Amino acid sequence: MKKRWRIWVLIVCMLAAVAGCAGAGDSRETTDGQTVNQETESGPAAGQEMTAGTTASQETAAGTMASQETAAGTTVSQETTAETTANPTANPADETNQERTIRVGSLKGPTSMGLVGLMERAQKGETESRYEFTMATAADEINAAFLRGELDIVLIPANVASVLYNKTEGQLAVLNINTLGVLYVLENGETVQSIADLAGRTVYLPGKGTTPDYALQYILAQNGLTDEVDLQYKAEAAEVISALSEDTAAIGLLPQPAATTACMQNEGLRIALDLTQEWDRVSEDGSLVTGVTVVRRAFLEENEAAVQEFLREHADSAAFVNEHIEEAAELVARLEIVPKAPVAAKAIPYCNITCVTGEEMRTALSGYLHVLYGQNPEAVGGKEPGEDFYYEP
């Protein structure tokens, strides 16, 4: 009996020991569980770690990302709202165009004058796209900004467009002709009635190797007067105007609106010859073209619809200037393209502001550049431009 009793005592002790170990294990698990709970409640950092570890939290994280995207979308919506406020007639379907800014550069003169209608509408928020306009007095400034990609569309002299086309190996295209001939021969008196009357005379003109120079030399050559006229070059139009005021026997060649400014400053001056008419008398290849509108090819390829809309708005602007001269003249003066509205009003009819596109543009411009190339290949950049130079929608 004692032996059996000892055995039972031993068994009971063993069972008690096993039960004690199990209890301790349960206690540790509970403690660990409390630690996890404390970490869970300890703050956002732990919460973020937990978020990364569960499916529910992944969905929450995705929701957070969606919220961030929504916040970004709100910013865009605010911009759109601001644009719509400025433009009560804006079509919500055109938000892409509304958000795009087309950077346009032009020279102070007829090319910018033809844009004033568009500039006014853009300022009021009435255009399909948003525009940023830059005007300069020197072509080099506009050309450099264009080549750096800081401008998308520029209005520049026709031969310069060809030079840049060759320089960039075709990375631009001409959209339209924006101005035809704007060059006029001025004199004091009535001695010049035809181009032949320039023989033996001195003519002052701005800029050697520029459009006025090329145009006059071509016309003189076609009339057999190459060595009969003394050409005196001045740095700018203002110097030509000064020479005309100092020498009453002098003859000057000036573009608009400088020609009108000179006549208003000196009542004795008059327009003796229209160089566009003289060009047409001797040329069968094309018209006298002054300014063209050029677009970066990369911008055109990415935004062709917007470029085509610009062409339509540019055409409307040119028509507005020609049909509403007094109103357009006020805008020209306000934008400081010409100092005074009366000067602009008198100049506009002589500026030949236009918007020639497509096949008509190609014919006129290619003929003009061909003539210049025959005079001096460097005038067009060493060679005539390729077919892709002319944009036809």
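Mentor: Helix 5 (110–113), helix 7 (139–147), strand 3 (153–157), helix 8 (158–167), helix 9 (211–222), helix 10 (237–246) and helix 11 (258–265) each give at least two residues to its lining. Keep in mind that this is a predicted model. The largest pocket has a volume of about 1400 Å³. Its lining counts 46 residues, and if you want to find the centre, look for Leu107, Lys108, Thr137, Ala237 and Pro255, which lie nearest to it. Sorted by class, that lining has 26 nonpolar, 15 polar and five charged residues.

Helix 8 and helix 9 are among the elements that the buried residues of helix 17 pack against, and so are strand 4 (172–179), helix 12, strand 10 and strand 11 (353–356). Helix 17 covers residues 358–375, and because 18 residues at 1.5 Å each should span 26 Å, its end C-alpha atoms, 26 Å apart, agree with that. Its buried residues include Met361, Leu365, Tyr368 and Leu372.

Two of those names come back in the largest nonpolar core. Of its 54 residues, Leu198, Leu275, Val292, Val294, Leu365, Tyr368 and Phe389 touch the most other members. Helix 17 provides the largest share of this core, seven residues. Apart from it lies another core, of 20 residues, with Val332, Ala333, Val343 and Cys351 among them.

Leaving out residues up to four places away in sequence, Val292 touches Leu365, and its other contacts include Val154, Ile156, Pro157, Ala161, Val174 and Ile177.

Then step back to Thr290, in the loop between helix 12 (275–282) and strand 10 (291–296). Thr290 counts as buried because its relative accessible area is 16%, and the cut-off for buried is under 20%.

Last, have a look at helix 14, residues 304–323. Its 20 residues reach 29 Å from the first C-alpha to the last, close to the 28 Å expected. Among its buried residues are Val307, Phe310, Leu311, His314, Phe320 and Val321.

Note on methods
Residues are numbered from 1 along each chain as its sequence is written. This is a predicted model: local features need pLDDT of at least 70, side-chain atom pairs count only at pLDDT 80 or more; totals for chains, interfaces and linings use all residues. Side-chain values use heavy atoms; hydrogens and water are left out. Helices (H or I, at least four residues) and strands (E, at least two) are DSSP runs, numbered from the N terminus. Buried means under 20% relative accessible area, exposed over 50%, partly exposed in between (1.4 Å probe, protein chains only). On a 1 Å grid over the protein atoms alone, a cavity is a set of points where a 1.4 Å probe fits but cannot get out, and a pocket is an open set with protein on both sides within 12 Å along at least five of seven lines; lining residues have an atom within 4 Å of a point. Grid points are joined across faces, edges and corners, and a volume is the space filled by probe spheres set on the points. Ala, Val, Leu, Ile, Met, Phe, Trp, Tyr, Cys and Pro count as nonpolar, Asp, Glu, Lys and Arg as charged, and the others, Gly among them, as polar. The expected span of a helix is 1.5 Å times one less than its number of residues. Contact means heavy atoms within 4.5 Å. A nonpolar core is a set of buried Ala, Val, Leu, Ile, Met, Phe, Trp, Tyr and Cys residues joined through side-chain atoms within 4.5 Å.
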